[in-house]
Amino acid sequence: MSHAVVAGPVPAAAPARSFWAWARPLAGVAVLAALVWSVGTGPFLAGLRLIDAPALAAALAIGAVTTVCCAWRWSLVAGGLGVRLPLRAAVAHCYRAVFLNSTLPGGVLGDVHRAVRHGRDAGDVARGVRAVVWERTAGQVVQLVIAVAVLAALPSPVRPYLPAVAAGLAVVALALALAARAVPRSGASRWARAARTAVADVRAGLLARRTWLGVVGASAVVVVGHLATFVLAARTAGADAPLSRLVPLTLLALLAMGLPTNVGGFGPREGVAAWAFAAAGLTAAQGVATGTVYGALVLVASLPGAAVLLVRRRPAPEPGDCR
């Protein structure tokens with residue numbers, strides 16, 4: 001009877017996971033369908049036709065900088081958690097992850113792959129996964145802080161709401177700090193162990209003296225690189241608005257990319273870009289074209305990851321094989 005109790009919840013949980021696995025990309029498809037219904041396919045096709053060789057070369061260069069910075073940030077966090085990760089290996093893993101994120105639904109499967117792969121290579125899958133989770137979290141936090149500062153300083157459709165957003169973020173940060181101080185130092189419950197592990201991870205992997213400055217600096221460079229690529233996409237798509245007007249719009253679209261409901265990177269990004277461009281006095285079609293160009297540029301910038309994927313899949317030669 002005890003076996004039946006333990007095994008009972010598993011079949012019920014599996015359909016829920018399966019539902020969300022399908023619901024997230026379907027939400028991205030719904031956004032794209034709504035955009036096609038609203039503005040037609042013209043902006044998507046026009047954006048792709050406008051891409052030229054200089055834009056592709058610039059995207060590759062910017063992508064190299066942001067990928068190396070992501071890899072360095074990951075290496076710092078992993079080292080703080082006690083998992084060795086050489087920078088060269090981290091760069092290869094990150095390129096492969098960016099390529100998988102750009103071509104598979106959800107936008108996070110590449111990061112899941114690198115987390116599990118590194119954890120297996122290091123002999124500690126749990127710690128390897130936590131290193132990627134905290135590295136990605138640090139990047140999102142820095143991006144959010146930069147976004148709030150830029151959107152508060154420059155005109156944008158969301159500027160009137162920034163004081164409330166900033167206050168909400170401050171409350172959340174204070175609540176998290178108080179919760180960390182309230183974590184019990186002992187206790188065998190699953191929650192207590194998980195809370196102690198999380199606090200220890202943040203202290204060692206993110207806030208330690210040898211890591212925090214590098215994590216913040218690398219994250220800031222990554223955000224600037226993504227913004228530069230978005231501005232490049234907007235210029236390629238024909239948007240001639242001044243940077244003071246364009247940067248906040250591209251930043252809003254960049255924030256939308258954090259939603260795991262895209263299809264190969266497309267979906268919420270184009271939807272938010274269409275709304276932001278239209279709200280700022282430009283056109284929704286221009287926002288869609290900009291998001292489309294950005295997606296194509298990011299895909300091209302991630303192509304070294306396809307090469308890494310192919311090389312890693314090549315079987316190793318048998319001993320004594322001189323081919």
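Is Arg185 buried or exposed in this structure? Arg185 is exposed, with a relative accessible area of 81%. Keep in mind as you read that this is a predicted model.

## The overall picture

Let's begin with the whole chain. The protein chain has 14 helices and zero strands. Reading from the N terminus on, the elements run α-α-α-α-α-α-α-α-α-α-α-α-α-α.

What share of the residues is buried? Of the 323 residues in the protein chain, 39% are buried. The word "buried" stands for a relative accessible area under 20%, and "exposed" for one over 50%, with "partly exposed" in between.

Along the chain, Arg185 and Ala195 are 10 residues apart, and their C-alpha atoms are separated by 9.6 Å.

Now look at Cys69, a residue of helix α4 (residues 53-80). Cys69 has a relative accessible area of 14%, so it is buried under the 20% rule. Although Cys69 and Val215 are 146 residues apart along the chain, 9.0 Å separates their C-alpha atoms. Ala233 belongs to helix α10 (residues 212-236) and is buried, with a relative accessible area of 0%. From Ala233 to Ala296 there are 63 residues in sequence, yet the distance in space is 9.1 Å, C-alpha to C-alpha.

## How helices pack

Helix α7 (residues 125-153) packs with helix α9 (residues 190-206) at an angle of about 65°, and their axes are 11 Å apart. Angles of 65 to 115 degrees count as roughly perpendicular, and α7 and α9 are therefore roughly perpendicular to each other. Their crossing is right-handed.

The second pair is helix α11 (residues 243-256) and helix α12 (residues 268-279), which pack at an angle of about 150° with their axes 8 Å apart. Since an angle over 145 degrees counts as roughly antiparallel, α11 and α12 are roughly antiparallel to each other. The crossing of α11 and α12 is right-handed.

How many salt bridges does the count come to? The count is eight salt bridges. One of them joins the side chains of Arg114 and Asp111, at 2.8 Å from N to O. Arg114 and Asp111 are three residues apart in helix α6, so about one helical turn separates them. Arg114 and Asp111 are both buried; for Asp111, the relative accessibility is 9%.

Asp111 also forms a salt bridge with Arg136, where the closest N and O atoms are 2.0 Å apart. Arg136 lies in helix α7 and Asp111 in helix α6, so this pair ties together parts that are 25 residues apart in sequence. Arg136 is partly exposed, with a relative accessible area of 28%.

Another salt bridge links the side chains of Asp121 and Arg117, at 3.7 Å from N to O. These residues are four apart in helix α6, which means that about one helical turn lies between Asp121 and Arg117. Asp121 counts as exposed at 54% relative accessibility, while Arg117 counts as partly exposed at 29%. Elsewhere, salt bridges that share partners join Arg73, Asp111, Arg114, Glu135 and Arg136 into one network.

Which residues make the nonpolar surface patch of about 280 Å²? The patch is made by Leu104, Val108, Leu109 and Val112. Val112 has its place in helix α6 (residues 109-122).

Terms used. Residues numbered from 1 in each chain as written. Predicted model: local features only at pLDDT ≥ 70, side-chain atom pairs only at ≥ 80, totals over all residues. Heavy atoms only, no water. Patch = residues over 30% accessible without salt bridge, like charges linked within 9 Å, V, L, I, M, F, W, Y side chains within 5 Å. Areas by Shrake-Rupley, 256 points an atom, 1.4 Å probe, with all protein chains shown as cover. Salt bridge = Lys/Arg side-chain N within 4 Å of Asp/Glu carboxyl O. Helix = DSSP H or I, 4+ residues; strand = E, 2+ residues; numbered from the N terminus. Axes fitted to C-alpha atoms, helices over the stretch in contact; angles between N-to-C directions. Parallel < 35°, antiparallel > 145°, perpendicular 65-115°, else oblique. Left-handed = near helix turned anticlockwise from the far one by under 90°. Buried < 20%, exposed > 50% of the residue type's maximum accessible area, 1.4 Å probe, protein only.
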